[in-house]
Amino acid sequence: MATSDVIEWGITEKFHQAETSDNPSEKKETFSEILNSCPTTIDSEVLVGIQEQCIIGLGKQYSLEVEPLDGAQKLEDLIIGSNTKAFLNRVSKAKAGKIVKILVDLYLNMAKNAEHHHKAVEVCKQCIGWAKEERRQFLRQSLEARLISQYFNAELYDDALPLAKTLLKEIKVVDDKGLLVEVQLLESRIYEALGNLQKSRASLTSARTTANSIYCPPQLQASLDMQSGILHAIDDNDFKTAFSYFFEAFEGYDSATDSKALLPLKYMLLCKIMLNQPDDVQGIVSGKLASKYSGRHIEALKAVAVASQRRSLSDFKGALEAFEVELCQDTIISKHLDRLHDTMLEQALSRIIEPYSRVQIHHISKLIQLEQDVVEGKLSQMILDKKLNGILDQGQGIVIIFEDDLTDKTYDFGVHTIGNLGKVVDELFNQAKKL
């Protein structure tokens, strides 16, 4: 047996032993040892395949580290390490691109906070730099799409938007429709974050049009549905249509066993609350698909639904305090809950004021358990919006309610009837002329 065959057999045996091991530390140690000791002079497809699996295996093990920051640092070192780059230079462009994308995706999925998002931006830039040096255009474009995503996550919109526009022009030339859909969707999300909903909707329409001409993976289709639901909820306040899109997104993510399924589920519950159907929340949560996503995020929206059902501002405030992280850190939920709070406050004030023609603001604030300044400001707003027919007497600290004028509409109905009769007479005259 030749020396190269002996080396190949030994490395293969060591790799199989590591793969079947249940000890993560042993796996990582063996994979690292194989990568460091594997000879570059032996031209063997088996060894190349083993090295590829060792690199990907190491990346997966690092992504599962108990300490995420430690695992992220090790994975970063693996991505930009000399051993990995040396191996990538020896294999085909397609295989090298596949390995880099897998490692970068593993790293990006670990990004949970702002600091890590900024580090992820730097890792993407380094990989893009390597792709440019090696003149690997398709890999560079794919990595730039991931960089745009990280810019978005890090809220660096001024950096994300120009790169997205430049990349879209390049992708349209090479006609890579799969990547084109991803970048158009990212552009839509960026415009939505910047508050330019018209351009966001235009980008989303372009993404959907492109997606209709190709096979769209379930997760990408779910992302498109998700963005559609968000725009319907924010721009049109059409929560019924938004709910249907969120449901489609939830099913798409759930079928792919993607943890992102929790987000559309939360927005589905939010839509039911905003549609004044809080009773349906419990039914959705206890369903077969949704039951496995139970946790604090779902409990937070259940608490809001209960408060909305009882029309209790104190319960609503208690839910916001108990689940501040889950409710207030999500900008979409926070924005709509502010609107729900205003609606509930208006309803509560109207219910308290209804029996009175004159009532002290101090008395209202005592009943509703809010500060007098807040109540006074809200009453002023309701009067200006013509939701309350009355005036504020700040000197005496009272609100004076006027009775709604009952106008006699007989005259209006009479004019309307005469107008219709005139049209009938004119039509009869025109028909008579033809005889």
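These exercises work through a predicted model.

**Exercise 1. Where is confidence lowest in the protein, and where is it highest?**

Solution. 
- Start with the whole protein. The mean pLDDT is 84, and 94% of the residues reach 70 or more.
- Next, go to the helices. Confidence is lowest in α1 (residues 3-20), at a mean of 68. It is highest in α11 (residues 197-211), at 93.
- Apply a general rule. Where pLDDT is low, the predicted coordinates should not be read in detail.

**Exercise 2. Find the span of helix α9 and list its buried residues.**

Solution. 
- Helix α9 covers residues 157-174, which is 18 residues.
- From first C-alpha to last, α9 reaches 26 Å. That is close to the 26 Å expected at 1.5 Å a residue.
- Buried means under 20% relative accessible area. In α9, the buried residues are Y157, A160, L161, L163, A164, L167, L168 and I171.
- Recall the helix geometry. An α-helix has 3.6 residues a turn, so residues three or four places apart point the same way.
- Now look for the cover. It includes α8 (137-153) and α10 (177-194).
- Finish at the end of the helix. D175 follows α9 and has a positive phi, near 60°.

**Exercise 3. D258 is buried; what is its nearest side chain of opposite charge?**

Solution. 
- Locate D258. It is in the loop between α13 (239-255) and α14 (262-274).
- The nearest side chain of opposite charge is K260, 4.8 Å away.
- A salt bridge needs the nitrogen and oxygen within 4 Å. D258 has no salt bridge.
- Look for another polar partner. The side chain of D258 makes a polar contact with the side chain of Q219, at 2.7 Å.
- List the contacts. Leaving out residues up to four places away in sequence, D258 touches Q219, Y253 and Y293.

Notes. Residues are numbered from 1 along each chain as its sequence is written. This is a predicted model: local features need pLDDT of at least 70, side-chain atom pairs count only at pLDDT 80 or more; totals for chains, interfaces and linings use all residues. Side-chain values use heavy atoms; hydrogens and water are left out. Helices (H or I, at least four residues) and strands (E, at least two) are DSSP runs, numbered from the N terminus. Buried means under 20% relative accessible area, exposed over 50%, partly exposed in between (1.4 Å probe, protein chains only). Lys and Arg count as positive and Asp and Glu as negative; His and the chain ends are not counted. A polar contact is a pair of N or O atoms within 3.5 Å; within protein, one must be able to donate a hydrogen and the other to accept it, and residues adjacent in sequence count only if both atoms are side-chain atoms. Contact means heavy atoms within 4.5 Å. pLDDT is the predictor's confidence in each residue, from 0 to 100. The expected span of a helix is 1.5 Å times one less than its number of residues.
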